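Please take a first look at this protein model.

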Amino acid sequence: MSTFHLSSKFKPTGDQPSAIKALAENLDKGVKEQTLLGVTGSGKTFTIANVIEKIQKPTLVISHNKTLAAQLYQEFKDFFSESAVHYFVSYYDYYQPEAYIPQSDTYIEKDAKINDLIDALRHSSTASLLTRDDVIIVASVSCIYGIGDPKSYAKAAIEIKIDDAITQKELMKHLVTLQYARNPLDPRQGHFRTRENRVEIYLPSGEEIVEIDFEARRVAGISRRLRSDLKTISHKLKVIKIFPAKHFVTPQSTLKLAIQNIRQELASRLEALKKEGKVLEAARLKQRTEFDLEMLAANGYVNGIENYSRQLDFRAAGTPPHTLIDYFHQRFGDNFLTVIDESHVTVPQIRGMYNGDQARKQTLVSYGFRLPSALDNRPLMFDEFSKKINQTIYVSATPASYEIERSRPHIAEQIIRPTGILDPQLEIRPTQNQVRDVIREVKMRIAKKERSLVMALTKRLAEDIAEYLKEAGINAEYLHSEIKTLDRSEVLKKLRTGDHDVIVGINLIREGIDLPEVSFIAILDADKEGFLRNETTLLQIIGRAARHTDGTVILYADTLTGSMRAAVKETRRRRKIQEAYNKEHGITPVGIEKEIHDSILGAKPEEPLPEGPQKEILASLEREMKKASKSLDFERAAKIRDRIAKIKKSW
């Protein structure tokens, strides 16, 4: 059995040892819920890593935003370099959900741009969960959305062994059933091609190419190589398991029955709509559903297949969809750990996903755009989520009452920072000319080669302030939710390396983000009481400067709100505790040193240029693009179009 082995030059210090011991012992005793209350910079991730090593359980780590998830993924990957550590977040760079606005009779078609790298990382996650024991998945709340039945996914996978009696044609037929696309000239993840007596399979994880050689109607050889190492020697294998190219996969043996069930649901729904006098809605639903069923019967897949997931999985109406958590259950049962990071934000986010999704889909069903079963393509309700997870550790510097009440008396505190760094110095200044004052403070930090953060209240304001700072000669950048997932990590990396002097943001640079080079934070309009300026939020923002020995936070305000007063009081309390500890143990505060990693974006292998005659390759790609467009698979058509443009430019 694979085991977790923690690799780090650091040893637990301060109150980390007591927290690690308490958490691990409680898990061994079967305690279901605990809280790790740790201040910023106290090494909460290191503590959790030590707990994982002690209990030796696969772990799901849930974060409330993709930027923090990326940071946690890198940290756990460093701690457990020999284990399967994966990153699982929504794979859309851009996503406009399908919707209908009755008031204006406006139908908004689903529009999305899938990030191939994140899609590959998701496939790596599920494949590891079904084949390895030492798995850590760092996920966003995307993990509570449906991704297909893990039993069907595992059952559909094919295992190939040396000397298996299978022909090249039979393997190709299997691959098509698993949603792999044949692409003889320009294969990429989820594709395959043949070369004489060899089949090359480009795994959906995006990392490897599997090569299977045939001789006399038998498997003569199996090898694999990294896509980035095209000139290196392949690794020889005796057996390999090939998982489907898509998570929503239905075995051919049950697909016909599923389609029949969808037709029965359609007939029942059409009758109901006609009784209500909704003739237009009935005609619309009939046309859309029958087209989807034709595509499903012909290809085993259709855009929007997730809307039929309940019928394809043969689930009862109202039952929850299969999610990433079910992949944990498929292999480990209840014997896995769930860590909810920054729980004061993540728990409410999980709780709020279901209602918004249902309101949008109910309108689509009422007006004939979707069958009622589409309502069961949804995120988990909070109660369903709570039942699916077992042993849980909530992690936060400011846990909410929910976590405290559920965990009591099992709350481990981490108030001491091993580095001896004190909580930041706080100062309150008037809002008049606050941006000019910020410029002066930022330039003082630039002179000392230190970085700064400026916290605004709106996206527009963040962009405007960043532009104003640039005009003042400061290398500034803004960061908010409209920045692409992987680009956010790149922006933060540039702040750390000094390419940016300051980042202007709203709340993406709040919980959990480690930026040890940041010595100054400006909180604009700190007295605007609300979600972005309540006690918890202010404490989290202040914590971003708690990794620098000269950490300073200025709150620009004209009145002293209750939230400001509470945040200042708590910060000073923590500062006194650390000062006393430093004095007792003779510790001189030392700034945190943290390695700057390449962003996940840099992990994507460069697509090699296709081999062969240029005209033939381009003609083939253009045919594929037109075919995808004709099938209304516009996402694939757009990807092929971009590939054609890239090839033409390179040649």
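What follows walks through these two parts in turn.

This is a predicted model: local features need pLDDT of at least 70, side-chain atom pairs count only at pLDDT 80 or more, and totals for chains, interfaces and linings use all residues. Residues are numbered from 1 along each chain as its sequence is written, and side-chain values use heavy atoms, with hydrogens and water left out.

Start with helix α7, residues 252-275. Helices (H or I, at least four residues) and strands (E, at least two) are DSSP runs, numbered from the N terminus. α7 packs against helix α8 (residues 279-299) at about 175 degrees, with the axes 10 Å apart. Axes are lines fitted to C-alpha atoms, for helices over the stretch in contact, and angles run from 0 to 180 degrees between N-to-C directions. The two helices are therefore roughly antiparallel (over 145 degrees). Leu-255, Ile-259 and Leu-266 are among the α7 residues that meet α8; contact means heavy atoms within 4.5 Å. α7 is followed by Gly-277, whose phi is positive, near 80 degrees.

Now turn to the sheet. It is open, with six strands in the order β20-β25-β24-β21-β23-β22 and parallel pairing. Two strands pair if DSSP finds at least two bridges between them. The edge strands, β20 (425-429) and β22 (476-479), each pair on one side only. Further in, four bridges join β21 (residues 451-455) to β23 (residues 502-505). There, Met-455 stands opposite Gly-505 in β23. Helix α15 (residues 459-471) packs on the sheet and touches β21, β22 and β23. Helix α17 (residues 535-543) also packs on the sheet, touching β20, β21, β24 and β25.

Notes: Parallel < 35°, antiparallel > 145°, perpendicular 65-115°, else oblique.
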